[in-house]
Amino acid sequence: MFITDKPRVGVFIDTQNLYHSARDYYERTVNFERVLEYALQGRHLVRAISYVVEKEGDTSAWPFIYKLSTLGYKVRRMTLQYHHTTEQGKVIWEGNWDMGIVADMMRLIDSLDVIVLGSGDGDFADVLEVFMERGKRVEVIAFKETTAQKLIDCVDKFTHLVDIDHGLMPIKGNKNSPATQV
């Protein structure tokens with residue numbers, strides 16, 4: 001067992017939640033490298049996991065998934081599943097990692113001092129409160145516009161992702177932006 005005097009942190013990133021918020025509200029993408037660096041802040045990383053939902057047969061996300069793994073994230077993947085078709089004929093797909101994220105948190109809970117969640121989904125509030133009751137520090141990194149107020153209210157620290165220096169990728173075509181961003 002590795003012993004450290006630094007707080008032990010687990011980082012759990014709901015990639016789709018952050019991706020869609022960044023795209024819809026800022027017309028940008030998330031710099032997942034900077035998010036991980038910010039979440040660590042001198043602490044000992046036990047595990048960083050990024051949860052990705054893919055369309056079956058679509059390989060367009062593979063370079064992104066590979067990049068996440070090179071940054072130190074363990075990438076967990078799920079294929080979208082057919083849910084139903086609306087009366088108007090629109091196909092509704094389902095791909096939700098919430099229970100998988102909670103299961104991974106539970107698996108690691110005895111090895112963590114700090115849990116960092118990258119998601120604004122209010123469904124996590126109850127389980128995060130349980131972790132806090134068990135003496136864990138809980139932090140959320142997400143977008144204020146798409147984060148449930150009950151999630152912001154229940155955690156030890158909420159960080160609005162746009163407040164992280166270089167937390168969003170530069171706008172395409174901006175040659176003055178750092179080239180190392182993901």
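What follows is an account of the open sheet of six strands.

A: The model is predicted, so local features are given only at pLDDT of at least 70 and side-chain atom pairs only at pLDDT 80 or more, whereas totals for chains, interfaces and linings use all residues. Residues are numbered from 1 along each chain as its sequence is written, and side-chain values use heavy atoms, with hydrogens and water left out.

The chain has six helices and eight strands; helices (H or I, at least four residues) and strands (E, at least two) are DSSP runs, numbered from the N terminus.

Six of the strands form an open sheet with parallel pairing, in the order S3-S2-S1-S6-S7-S8. Two strands are said to pair if DSSP finds at least two bridges between them. S3 and S8 (157-160) are the edge strands, each pairing on one side only. On average, neighbouring strands of this sheet are turned by 15° against each other, direction ignored. Angles run from 0 to 180 degrees between N-to-C directions, and the axes are lines fitted to C-alpha atoms, for helices over the stretch in contact.

Helix H4 packs on this sheet, where it touches S1 (8-14), S2, S3 and S6 (114-118), and its direction makes about 165° with that of S2. Contact here means heavy atoms within 4.5 Å.

What is the burial of S6? Five of the five residues of S6 are buried, so this strand is largely enclosed by the rest of the structure. Buried means under 20% relative accessible area, exposed over 50%, and partly exposed in between (1.4 Å probe, protein chains only). Val 114, Val 116 and Gly 118 point one way from S6, while Ile 115 and Leu 117 point the other way, and all are buried.

S6 has S1 on one side and S7 on the other in the strand order. S1 and S6 are parallel and share five bridges; Val 9 is opposite Val 114 of S6. S6 and S7 also run parallel, joined by four bridges, and the partner of Ile 115 in S7 is Val 138. Between S6 and S7 the chain passes through helix H5 (residues 125-133), in a β-α-β crossover that is right-handed. Right-handed means that, with the strands pointing away from the viewer, the path from the first strand over the helix to the second runs clockwise. Beyond S7, the parallel pairing of S7 and S8 has four bridges, and Ile 141 has Thr 159 of S8 as its bridge partner.

Thr 15, Asn 17, Leu 18, Ser 21 and Ala 22 are its buried residues, and what covers them includes S1, H2, S2, H3 (62-70), S6 and S7. The ends of H1 are 16 Å apart between C-alpha atoms, which agrees with the 16 Å that its 12 residues should span at 1.5 Å a residue; the expected span is 1.5 Å times one less than the number of residues. Just after H1, Glu 27 takes a positive phi of about 50°.

Now the charged side chains. The structure holds eight salt bridges, a salt bridge being a side-chain nitrogen of Lys or Arg within 4 Å of a carboxyl oxygen of Asp or Glu. One of them joins Glu 139 to Arg 43, with the closest N and O atoms 2.9 Å apart. This pair links distant parts of the chain, 96 residues apart: Glu 139 is in S7 (residues 137-142), and Arg 43 is in the loop between H2 (32-40) and S2 (44-54). Both partners are buried, Glu 139 with a relative accessible area of 6% and Arg 43 with 14%. Glu 139 also meets Arg 137 in a salt bridge (2.7 Å, N to O), and Arg 137 is partly exposed at 34% relative accessibility.

Another salt bridge has Arg 76 and Asp 104 as partners, with 2.8 Å between the closest N and O atoms. Here too distant parts of the chain are linked, with Arg 76 in S3 (residues 74-79) and Asp 104 in H4 (residues 98-108), 28 residues apart. Asp 104 is buried, with a relative accessible area of 7%, whereas Arg 76 is partly exposed at 24%.
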